[in-house]
Amino acid sequence: MDALNPTSAPDLNRVHVVCAEPSVANHFLAELRDVDVQRDSLRFRRNLQRLGEIMAYRISSQLSYTTKTVRTPLGQSSSMHLHDFPVLATVLRAGLPFHQGFLNYFDQSPSAFAAAYRIEGTSQVQVQVDYLTAPSLDERVLILADPMLASGRSLVQTYRAMLRFGTPRQVHIAAVIASPEGVAYVTREIPEATLWVAAIDEGLNEQAYIVPGLGDAGDLSYGSKL
């Protein structure tokens with residue numbers, strides 16, 4: 001499923017589906033989903049990084065730039081420079097490879113981290129604010145990246161917890177795979193944000209897992225947890 005039913009989200013102009021058009025991003029996403037390729041955790045992490053890099057490039061078109069003159073070996077050139085690097089935030093632990101992809105492009109960006117865990121078998125989540133760390137967000141661009149946008153509750157809780165560090169002037173939320181329910185919830189609860197996803201899947205099952213999804217991104221990246 002590459003697009004939402006218009007009744008599912010308040011403002012589809014703020015939802016960008018990267019894999020709705022043919023590109024190499026579709027190849028990386030297909031490998032992330034493939035149970036045979038998933039056995040290679042290094043490749044899984046690298047594909048998350050690649051999609052983070054692609055989304056970083058896409059989001060960069062929405063940022064502010066200044067014109068500067070640089071000296072080349074043969075003269076001078078007028079060039080566009082990023083006005084200020086965004087703050088990059090993610091949810092541990094599944095978000096780390098995806099976050100690294102953004103950091104590869106926005107290499108001067110400060111980072112923010114939050115720890116969240118899911119109570120298995122339910123859609124309930126809890127954000128561990130004691131493990132929340134961030135630079136000042138006042139008047140900054142914030143990119144909050146999390147590979148899986150299922151119900152959206154953990155992401156919304158994480159964002160609200162981060163507001164203790166200030167109010168961003170621009171907010172972007174990035175996910176690899178989202179559910180229609182999660183997209184609708186996030187766009188409703190964080191109306192100031194622009195949402196970027198690689199794909200929007202069919203929906204959530206009774207355990208609030210995305211179907212067809214790809215499984216547990218954290219376990220596939222770093223090994224099964226107890």
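A residue is called buried here when its relative accessible area is under 20%. With that in mind, here are some notes on this predicted model.

1. **Helix α4.** By that cut-off, seven of the ten residues of helix α4 (residues 153-162) are buried, so the helix is mostly covered. The buried ones are Ser-154, Leu-155, Val-156, Thr-158, Tyr-159, Ala-161 and Met-162. Do look at Arg-153 too: Arg-153 sits over the face of Tyr-185, 5.0 Å from the centre of the ring.

2. **The chain as a whole.** You will find six helices and twelve strands in the chain. Of its 226 residues, 46% count as buried. The chain exposes about 11200 Å², and carbon and sulfur atoms supply 50% of that area. Among contacts between residues at least 6 apart in sequence, 64% join residues at least 24 apart.

3. **Two cis peptide bonds.** One runs from Leu-92 to Arg-93, with omega near 0°. Arg-93 belongs to the loop between β4 (87-92) and α3 (95-105). The other joins Val-211 to Pro-212, again with omega about 0°. Pro-212 is in the loop between β12 (210-211) and α6 (217-222).

4. **Positive phi outside glycine.** Glu-139 is not a glycine, yet has a positive phi of about 60°. Its place is the loop between β6 (125-133) and β7 (141-145), and at 54% relative accessibility Glu-139 counts as exposed. Ala-208, also not a glycine, has a positive phi of about 65°. This residue is in the loop between β11 (203-204) and β12; with 6% relative accessibility, Ala-208 counts as buried.

5. **Around Arg-93.** Because Arg-93 is in the loop between β4 and α3 while Asp-219 is in helix α6, the pair ties together parts that are 126 residues apart in sequence. Both partners are partly exposed, Arg-93 at 27% relative accessible area and Asp-219 at 21%. Leu-92, for its part, forms a nonpolar surface patch with Leu-96 and Tyr-222, and together they have about 230 Å² of accessible area. Leu-96 is in helix α3 and counts as partly exposed, at 32% relative accessibility.

6. **Other salt bridges.** How many salt bridges does a search of the whole structure find? The search finds eight. One of them is between Glu-31 and Arg-43, at 2.8 Å from N to O. This pair links distant parts of the chain, with Glu-31 in helix α1 (residues 24-33) and Arg-43 in helix α2 (residues 41-60), twelve residues apart. Glu-31 counts as buried at 12% relative accessibility, whereas Arg-43 is partly exposed at 36%. Asp-84 and Arg-169 form another bridge, with their closest N and O atoms 3.1 Å apart. Asp-84 is in the loop between β3 (75-82) and β4, and Arg-169 in the loop between α4 and β9, so this bridge ties together parts 85 residues apart in sequence. Arg-169 is partly exposed, at 37% relative accessible area. There is also a network of salt bridges linking Arg-160, Arg-188 and Glu-189.

7. **The aromatic pair.** The structure holds one aromatic pair. The ring centres of Phe-98 and Phe-102 are 5.3 Å apart and the planes are at 80°, so the pair is edge-to-face. The two residues are four apart in helix α3, which means that about one helical turn separates Phe-98 from Phe-102. Phe-98 and Phe-102 are both buried.

8. **Two residues at 0% accessibility.** Thr-90, in strand β4, counts as buried at 0% relative accessibility. What is Thr-90 in contact with, leaving aside neighbours within four places in sequence? Its contacts are Gly-95, Leu-96, His-99, Ala-112, Phe-113, Ala-114, Leu-144 and Ala-145. The C-alpha atoms of Thr-90 and Asp-146 are separated by 5.9 Å, although these residues are 56 apart along the chain. Ser-179, in the loop between β9 (170-178) and α5 (180-189), is likewise buried at 0% relative accessibility. Not counting residues up to four places away in sequence, Ser-179 touches Leu-149, Ala-150, Ile-200, Gly-203, Leu-204 and Ile-210.

Note on methods. Residues numbered from 1 in each chain as written. Predicted model: local features only at pLDDT ≥ 70, side-chain atom pairs only at ≥ 80, totals over all residues. Heavy atoms only, no water. Buried < 20%, exposed > 50% of the residue type's maximum accessible area, 1.4 Å probe, protein only. Phe/Tyr/Trp six-rings, centres within 6.5 Å; stacked < 30°, edge-to-face > 60°. Lys NZ or Arg CZ within 6 Å of the ring centre and 35° of its normal. Patch = residues over 30% accessible without salt bridge, like charges linked within 9 Å, V, L, I, M, F, W, Y side chains within 5 Å. Areas by Shrake-Rupley, 256 points an atom, 1.4 Å probe, with all protein chains shown as cover. Salt bridge = Lys/Arg side-chain N within 4 Å of Asp/Glu carboxyl O. Contact = heavy atoms within 4.5 Å.
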